[in-house]
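Please look over the chain and its ligand below. The report that follows takes the parts in turn.

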Amino acid sequence: ATPTALLVGTGRGSQLGILIRGPQVPEQTRRVDTIVLDKTGTVTSGAMSITEVHPAAGVTRGDVLSTAAAVEAASEHPVARAVAAAVPSGTAEVDAFASHAGYGVQGVVDGSAVVCGRPSWLREQWSVPIPPDTAALLAELETRGTVVAVARDGSYAGAIVVADTIKPTSAEAVARFRALGLEPVLLTGDNAVTARRVADEVGIATVHAGVSPAEKLDVVRGLRAEGRVVAMVGDGVNDAAALAAADLGLAMGGGTDAAIAASDITIVSGDLRVVADAIRLARRTLGTIK
Ligand code: ADP
Ligand code: MG
């Protein structure tokens, strides 16, 4: 289904900025006891910016940035938008572009094969050799943000750190989830240190970090197998399978079409507090937010 297939509620739901697929709020909205939250773009703003650039020996800072930006310009991921914005004058053309949800991107720039993404993905999936001192640097960088490692023609070319900010409404939203008796869980493809920092700041105890889109799906399935009734909130292509598998899928309004299409409800504003409002309202009414 496309976003236009969503029914725009006419009463209370639409006032709150809640778009529901179909005529009724799904019955399970009232029974939800666990709320799984994607990090980037859901708990955080998703408006990332570059905080550090670390070129490899023999590579210039400008080189790492322009190489990565050329490939990332073809991606809509928040990480990609931050990197592409570093070269405002426009980027070189990219051929054979491919995006790997939850990992990174690849393409050919000026005849060179370029891969940008999670350091572990470059090492394991692309067999990019990473010397021990570089590995130590990358581990340190992961304490400060999301690390985009860059390789050109199979060689490590440098790393770019990007970071974003937690939405000012997220901590209050988590407090509301708790007040409703919901257990919040943070689920992210990002590294464990960054994930833990965000979780601590908004008051979430349980964190699953470094998970692929398929593993996000596994986490949701696992919670359901424990007998929980699971709501999942996400915005990315990487969240779509997990959103579809949850008892209740909620997409952030500013998110990707894939996330919106996989969800039962779209929160227009991207304000997580509205998710709590929707669940509270559903518990009070007979399943129809009118
Ligand atoms: P999240 O679960 O926080 O929304 P994703 O699953 O979309 O994050 O991505 C997981 C990780 O994969 C990111 O933190 C980043 O390290 C890497 N990644 C994803 N897309 C890209 C991209 N376009 N460029 C570089 N790295 C990426
Ligand atoms: Mg996201």
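## Helices across the sheet

Helix 6 (residues 132-141) lies across strand 4, strand 8 and strand 9 in this predicted model. Its direction is about 10 degrees to strand 9. Helix 3 (residues 61-72) lies across strand 4, strand 5, strand 6, strand 7, strand 8 and strand 9 (155-163). It runs at about 105 degrees to strand 6.

Helices (H or I, at least four residues) and strands (E, at least two) are DSSP runs, numbered from the N terminus. Axes are lines fitted to C-alpha atoms, for helices over the stretch in contact, and angles run from 0 to 180 degrees between N-to-C directions. Two residues are in contact if their C-beta atoms, placed from the backbone, lie within 7 Å.

This is a predicted model, in which local features need pLDDT of at least 70, side-chain atom pairs count only at pLDDT 80 or more, and totals for chains, interfaces and linings use all residues. Residues are numbered from 1 along each chain as its sequence is written, while chains are lettered from A and ligands numbered from 1 in the order in which they are written.

## The sheet

The sheet is open and has 6 strands, in the order 4-9-8-7-6-5. Pairing is antiparallel; two strands pair if DSSP finds at least two bridges between them. On average, neighbouring strands are turned by 15 degrees against each other, direction ignored.

Strand 6 and strand 7 pair antiparallel over 6 bridges. Gly 107 has Val 114 in strand 7 as its bridge partner. Val 109 is bridged to Ser 112, also in strand 7. The hairpin of strand 6 and strand 7 has 2 residues between the strands, and there Asp 110 takes a positive phi near 50 degrees. Strand 7 also runs antiparallel to strand 8, joined by 4 bridges. Cys 116 stands opposite Val 150 in strand 8.

## Two domains

The domain assignment gives domain 1 (3-45 + 166-284) and domain 2 (49-163). Such bounds come from an automatic or database domain assignment. The C-alpha centres of domain 1 and domain 2 lie 29 Å apart. Domain 1 puts 12 residues into the contact, and domain 2 puts in 9 residues.

On the side of domain 1 that touches domain 2, helix 2 and helix 8 (192-202) are the elements that give two or more residues. That side divides into 3 nonpolar, 8 polar and 1 charged. Here Ala, Val, Leu, Ile, Met, Phe, Trp, Tyr, Cys and Pro count as nonpolar, Asp, Glu, Lys and Arg as charged, and the others, Gly among them, as polar.

## Around ligand 1

Where does ligand 1 lie relative to domain 1 and domain 2? It lies between them, because both give residues to its shell. There are 23 residues around ligand 1, and Thr 40, Gly 102, Gly 189, Asp 190 and Asn 238 come nearest. A residue is near a molecule or strand if its C-beta atom, placed from the backbone, lies within 6 Å of it.

Helix 2 (39-43), helix 4 (78-84), strand 6 (104-109), strand 7 (112-117) and strand 8 (146-152) each supply at least two residues of the shell. Helix 2 gives the largest share, 3 residues. By type, the shell has 6 nonpolar, 12 polar and 5 charged residues.

## Confidence

The mean pLDDT of the chain is 90, and 93% of its residues reach 70 or more. pLDDT is the predictor's confidence in each residue, from 0 to 100. Over residues 1-10 the pLDDT is below 50. Beyond near neighbours in sequence, residues 1-10 have 19 contacts in the model. Where pLDDT is low, predicted coordinates should not be read in detail. The model scores are ipTM 0.96 and pTM 0.86.
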